[in-house]
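Please find below a colleague's note on the fold of a single chain.

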Amino acid sequence: MEIGIVGAGVAGIGVAYGLRGADVEVTLLEKNREVGGRAATRFENGCTYDYGANYVTPDPDLEAFMRETGGDLVEIEEPVWTFDSVGTIEPGEARDRPALTYEGGIAEFARRVLSRADATLETETRVESITRDGERWRAECEGRVHGFDALVMTPPAPQTAALLSNADWDDPFREELVASIEAVPYRTILSVVLRYPFEIDRPYYALVNTDRDHEIGWLSREECKRGHVPDGESLLVVQMAPEWSLERYGEPDGSIAEAAAGLVADLLDGPRLGTPAWTDCGRWRHALPDDEVDTDVLERVAESSLFFAGDWVAGDGRVAAAFGNGCELGWRLAESGDEPLQVVDPDDGDDRSR
Ligand SMILES: Cc1cc2nc3c(=O)[nH]c(=O)nc-3n(C[C@H](O)[C@H](O)[C@H](O)COP(=O)(O)OP(=O)(O)OC[C@H]3O[C@@H](n4cnc5c(N)ncnc54)[C@H](O)[C@@H]3O)c2cc1C
């Protein structure tokens with residue numbers, strides 16, 4: 001039995017991990033050079049920064065799993081404060097879960113889990129089209145064709161919908177399936193990185209805009225993560241509000257960063273923050289799903305050995321939710337044994353996904 005997983009973000013890697021030990025051959029097809037998807041890290045000029053997801057907020061089981069899989073875990077101790085549309089900054093509520101990343105950045109989570117899964121990884125392999133060929137699926141990737149008995153889709157909903165909409169596949173449920181997946185709304189976020197050759201001394205790790213009426217949605221101090229920023233310096237990760245991000249999405253990095261730095265200088269009341277020493281910009285067209293998909297519709301195509309995982313399936317734009325959703329699907333598929341692949345009712349057994 002060959003299972004293909006499109007996408008090696010935390011959900012795709014969760015599926016592969018859930019399938020470990022099962023009598024199946026698992027292949028992950030990932031368009032990027034690195035795994036982790038939106039749980040992404042960059043390394044520039046001696047700094048390490050998480051420019052997609054900032055940290056994982058695990059439940060106790062996932063936290064234990066993260067500690068067991070090793071790596072230099074970093075717990076962010078400083079609190080998250082809030083600000084409103086006129087820039088009033090106030091203390092926020094205490095966390096109910098730890099905020100974890102790694103000294104090597106959050107992308108390490110996906111790498112560590114993958115090293116424990118039994119799967120083949122093909123990077124820089126963008127799936128351009130999929131075809132139903134008898135009882136098999138074919139995934140075409142820049143001239144190469146991969147064949148599978150079952151296919152798991154994990155790209156964000158709009159990218160999954162586009163692949164299904166163009167697929168060579170006749171199915172009575174297809175139209176309804178594509179419409180349901182297309183209906184999941186997304187926020188677009190420009191993630192702007194500003195580095196300063198001096199410390200920014202504040203009593204918080206991050207600020208979050210609570211009334212969703214400021215140009216800045218989130219701002220965090222990467223130096224609160226051990227090993228990410230050299231001593232005496234500061235690196236801000238600034239996530240711009242969806243409307244602002246959409247308006248400027250096509251602008252050059254430099255002008256986006258300049259405008260963002262001006263807004264940061266105003267918000268933090270620090271004129272010298274308007275001129276960072278260097279900047280970077282991450283573009284997340286499909287940053288966060290704002291609603292969940294109708295999972296009943298997804299289950300209708302399980303008979304065609306087509307499955308789905310991701311934050312949009314879980315209905316929560318969080319690393320922990322996406323990973324848990326992937327693990328659960330992997331485990332449920334593994335439970336199918338020699339039967340035709342299907343999603344086994346999770347109530348029939350214990351959750352062994354972690
Ligand atoms: C700016 C930002 C901040 C966030 N902050 C947090 C946070 O602090 N904490 C938190 O828990 N979550 C946060 N999130 C959300 C979190 O990152 C996501 O919920 C989670 O990473 C989703 O994982 P996934 O595997 O479902 O999807 P993805 O990470 O999007 O993985 C999908 C994968 O599919 C690949 N792919 C897409 N199309 C194809 C194709 N055609 N062929 C092959 N591969 C393909 C992509 O390259 C990607 O690797 C944030 C997200 C963003 C963007």
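The numbered points below go from the whole chain to individual contacts.

1. Basis. This is a predicted model, in which local features need pLDDT of at least 70 and side-chain atom pairs count only at pLDDT 80 or more, while totals for chains, interfaces and linings use all residues. Residues are numbered from 1 along each chain as its sequence is written, and side-chain values use heavy atoms, with hydrogens and water left out.

2. Overall dimensions. Along the principal axes, the C-alpha atoms fill a box of roughly 65 × 40 × 35 Å.

3. Secondary structure. The chain has 10 helices and 19 strands; these are DSSP runs numbered from the N terminus, helices being H or I with at least four residues and strands E with at least two.

4. Five-stranded sheet. Strands in the order β9-β2-β1-β13-β19 form an open sheet with parallel pairing (two strands pair if DSSP finds at least two bridges between them). Its edge strands, β9 (119–122) and β19 (306–308), each pair on one side only. Neighbouring strands are turned by 20 degrees against each other on average, direction ignored. Four bridges link β2 (residues 25–29) to β9, and Thr27 has Thr120 in β9 as its bridge partner.

5. Seven-stranded sheet. A second open sheet, of mixed pairing, has the order β7-β6-β15-β16-β17-β14-β18. Here the edge strands are β7 (89–90) and β18 (278–289). Within this sheet, β16 (residues 216–221) and β17 (residues 234–240) run antiparallel and are joined by five bridges; Ile216 stands opposite Met240 in β17. Helix α7 (residues 253–267) packs on the sheet and touches β6, β7, β14, β15, β16, β17 and β18, contact meaning heavy atoms within 4.5 Å. The direction of α7 makes about 80 degrees with that of β14.

6. Helix pair. The axes of α4 (residues 157–165) and α5 (residues 174–182) come within 8 Å and cross at roughly 160 degrees (axes are lines fitted to C-alpha atoms, for helices over the stretch in contact, and angles run from 0 to 180 degrees between N-to-C directions). The two helices are therefore roughly antiparallel, a term for angles over 145 degrees. Ala157, Thr160, Ala161, Leu164 and Ser165 in α4 meet Arg174, Leu177, Val178, Ile181 and Glu182 in α5.

Note on methods
Parallel < 35°, antiparallel > 145°, perpendicular 65-115°, else oblique.
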